[in-house]
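Please find below some remarks on the model under review. They are set out as numbered points, to be read beside the coordinates.

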Amino acid sequence: MRASLAAPSGEHADLDARIAQHLATWPEVLRAADGARVFLKTHTHLIDELLKSYWPEDLASGVAALVAVGGYGRGEQFPHSDIDLLILLETHQPDTAIQDFLRHLWDAGLVIGHAVRTVEECLIAGRDDVTVYTNLLDARLITGNTALFEQLVQLVRSDRVFQDWSFFQSKAAEQAMRYRTFDEMGAKIEPNIKESPGGLRDLHTIRWIGNRVAGAGTLDAMHEHGLLGDREWQTLSEAESFLSQVRIGLHALAGRAEERLLLLHQKTLAAQFGYEGEHDGNLAVERFMQRYFRTTIEIERLNQLILQNFREALDPYPDNRIVPINARFRIRGHLLETVDAQVFMRSPTAILEMFLLLAQHTELMGPSAATARQLRANLSVIDEGFRKNPQAQQLFMTIWQNKTGVYRALKAMNLNGVLAAYIPAFSQIVGLMQFDLFHAYTVDAHTLLVIRNLRRFSQPQCADEHPMASQIIHRVHRPEVLYLAGLFHDIAKGRGGDHAELGAVDARQFAKAHGLPGAETERLVWLVENHLIMSFTAQRRDIEDPTVVEEFARSVGSPARLDDLYLLTVADICATNPNLWNSWRDALLKRLHQLTENWFNQGEQSAREIVDATRAAALREGIAANIPAKDLAGWFESLPDDYFLRTEIDSVLQHARLALGEDRLPVLWISNAPDQDAIQILVLTEHCHGQFARIVAELDRSGLNVQSANMTVITPTAAHPQNRALFEFFILDQQNGARLDHWSLDMLRTRLHDRLQSPDAARTRIHRRSPPQLASIDVATQIQFLSDHRRGRTEIQIITKDRPGLLADITAAFADLDISLNHARVSTLGERVEDAFYVVERQDRAEDSPKRCAEIEAALRAAIHSRS
């Protein structure tokens, strides 16, 4: 409502004080049953009084009317929303008084949206812009010429501006466009309480149409006019009250008209609503947000039903052609409907049959309003007996096996409560949010997106999205088992315990009840229980280490399971967060699939066999590529066996060309190919302590995100007696891009070269601002040591909260500890980093002794939290 306030006096000062006193009561409003309605009504009245006190005497004679429009006109003035005004004139005339009035409002710090029009100008503006007309529907006289205001009301209620059907079409199209803006998804971690699907705007839309059609501009009035049934009215009234309470609290906390339910405010609002502590593994904020999302689901579902009812009632040219389907259903125009109102009571399994028909008939818009209302009224028939009914079980499985419309049917089943009723475990994840930046959607929405992604892999028009997945899916036997794994993989979230293990139990019970063969049951259960191992291995383990690949392959067991797991993993990551999938994760998963497939085809190989085979093949191919054999062999002799264990032949030759092509150090090479998976940086330089940390710091300072890094210490030779090291980094920019523009590339090359030329330059801290959401989320720091005696190194796994400069500080700590870092795998998951560092001691020390581990952990924790 206010910007910066001028110092008022007299009546204005008294009203200002009353408004401020009223706004301060917002915490009590959040716990009162009817708190929002009373709060908004009182606030609107106080704003009315304030505006009247500024209304000039020159206009009080009746030549104009001061009219509230929009939300203010509806009597729903939220604490920091704009005050929408229409100054209605009989005719245009010198408007000094109006200008003075508006100036006084601005000087008082009021944030207003205003228009100055005659009734005829309102007619023209309303015709040109449905938003203007919609605002006029909510018009309310504050003060001034009553007769003039009545002219406006008569105009708005007439057909001169909009007719009922054209207004409905405009608002339905407006809502469809709004939904597309939010990707048809309201269940996101930071929803827009006003505009997201299921938000307050969905309620406004049905109220605007009710107002236009029947003069029923409130839910109570719509109920009285028969536009809402008893349960619909009660549900929407409760939903409107709750969302209004949340919006009042959100405005108060933000101190402005903030409509996004930011993580920054969710915890505080949860506490204000009385949510405390942790229950069944769910934080207070997650329980509060689950209530919020379940409320928006109800609003979205009823919004669709009521809009469909309006569409059928208002369409002047309805398509009433009847096409019978069977004894229970028929098609009328583009709608599916039951043959009579008793179908679901007479044949309860027809509920599932309806969604199967919607999957099979993709040309249909959906069920008719009457059929949707029948479904809602009979949802309670889905009980334990229903779930054990063989016909119901067969229908449910047939939906999954259908060639088309599976995701569409499941989404509609979720929206209408059928999926939660048929699978009670699913009901616990409906609207469940995980309070972090990694999971962008509620668990139920994420689950359905996983299934959608799996389905898209098999669709030719989507083959370019994930080419490898689109190839693999066609060799998968009974893909519906894979889709069911998508349904159950997160079904146990929020219960406490290991959700993969608990979900596997649910999956086994489902498979047994629905008669899946033993092999398919075990396939489903295994996938649910192990759905995280591929992403974990690819992102946090050194997958070029043959022992890691062997361990993973033995866990997977077969090429068929490898294919299943790859598809489920890609679908899962892509459905978790739209910013999570990138070319580097894509490359890691493809590489792990390739290495594991090779292991299945070739069987076990010893480390010595792999080293010798790689060295010999690289020598042959290098000589064929005209690299001098003597130089190449000499270069290979300077490299440790470990290098050949983890480096592909193409990369071995790339590194050799770099090393043999330049005599002066340092040598710097940066890739910038159009189709690369990550920006590759190769550095051949004199080996000096802490060089790795210095390079990382420079990359971090440049705003680049290291995904993977390797260091190889090169043995001195007669040709190159100095100590050298080869560094290889794979990086992405801050937008997950794998290519730099020319300016950024030149700048990076210059900065890295300067750093390499001056390794003793003083360390400088990295000063980049953390995203504001990070302040709201806590991540406990975990550090774990895993010994790799065969390769003489230790893997240090670190889980902690992300921040700018974190990787640079960690690698600097290793340098201070006199530890050499030879490989790093970096993974950032929202606010959480899960990094793995492979290190060796530079001196003859037992780096895995309890005392040394404690020393290293203490230093790492100090580095991690040095800027907290």
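This is a predicted model: local features need pLDDT of at least 70, side-chain atom pairs count only at pLDDT 80 or more; totals for chains, interfaces and linings use all residues.

1. Residues are numbered from 1 along each chain as its sequence is written, and side-chain values use heavy atoms, with hydrogens and water left out.

2. Rings of Phe, Tyr and Trp (its six-membered ring) are taken to pair if their centres lie within 6.5 Å; planes under 30 degrees apart count as stacked, over 60 as edge-to-face and the rest as tilted. The count by this rule is 24 aromatic pairs. In one of them, the ring centres of Phe-692 and Phe-729 are 5.4 Å apart and the planes stand at 50°, so this pair is tilted. Because Phe-692 belongs to helix α37 (residues 691-701) and Phe-729 to strand β14 (residues 724-732), the pair ties together parts 37 residues apart in sequence. Helices (H or I, at least four residues) and strands (E, at least two) are DSSP runs, numbered from the N terminus. Phe-692 and Phe-729 are both buried (under 20% relative accessible area, 1.4 Å probe, protein chains only).

3. One aromatic cluster is formed by Phe-386, Phe-396, Trp-400, Tyr-422, Phe-488 and Phe-510.

4. Arg-140 is placed over Tyr-72, 5.2 Å from the ring centre, and Arg-247 over Phe-78, 4.2 Å from the ring centre.

5. Four strands form an open sheet in the order β7-β8-β9-β10, with mixed pairing; two strands pair if DSSP finds at least two bridges between them. At the edges are β7 (322-324) and β10 (366-367), each pairing on one side only. β7 and β8 (residues 329-332) run antiparallel and are joined by three bridges, with Val-323 opposite Ile-331 in β8.

6. Helix α30 (residues 546-556) packs against helix α32 (residues 583-602) at about 75°, with axes 9 Å apart. That angle makes α30 roughly perpendicular to α32 (65 to 115 degrees). Axes are lines fitted to C-alpha atoms over the stretch in contact, and angles run from 0 to 180 degrees between N-to-C directions. Residues in contact (heavy atoms within 4.5 Å) include Phe-552 of α30 and Trp-599 of α32.

Note on methods:
Buried means under 20% relative accessible area, exposed over 50%, partly exposed in between (1.4 Å probe, protein chains only). A charge sits over a ring if NZ of Lys or CZ of Arg is within 6 Å of the ring centre and within 35 degrees of the ring normal. Angles under 35 degrees count as roughly parallel, over 145 as roughly antiparallel, 65 to 115 as roughly perpendicular and the rest as oblique.
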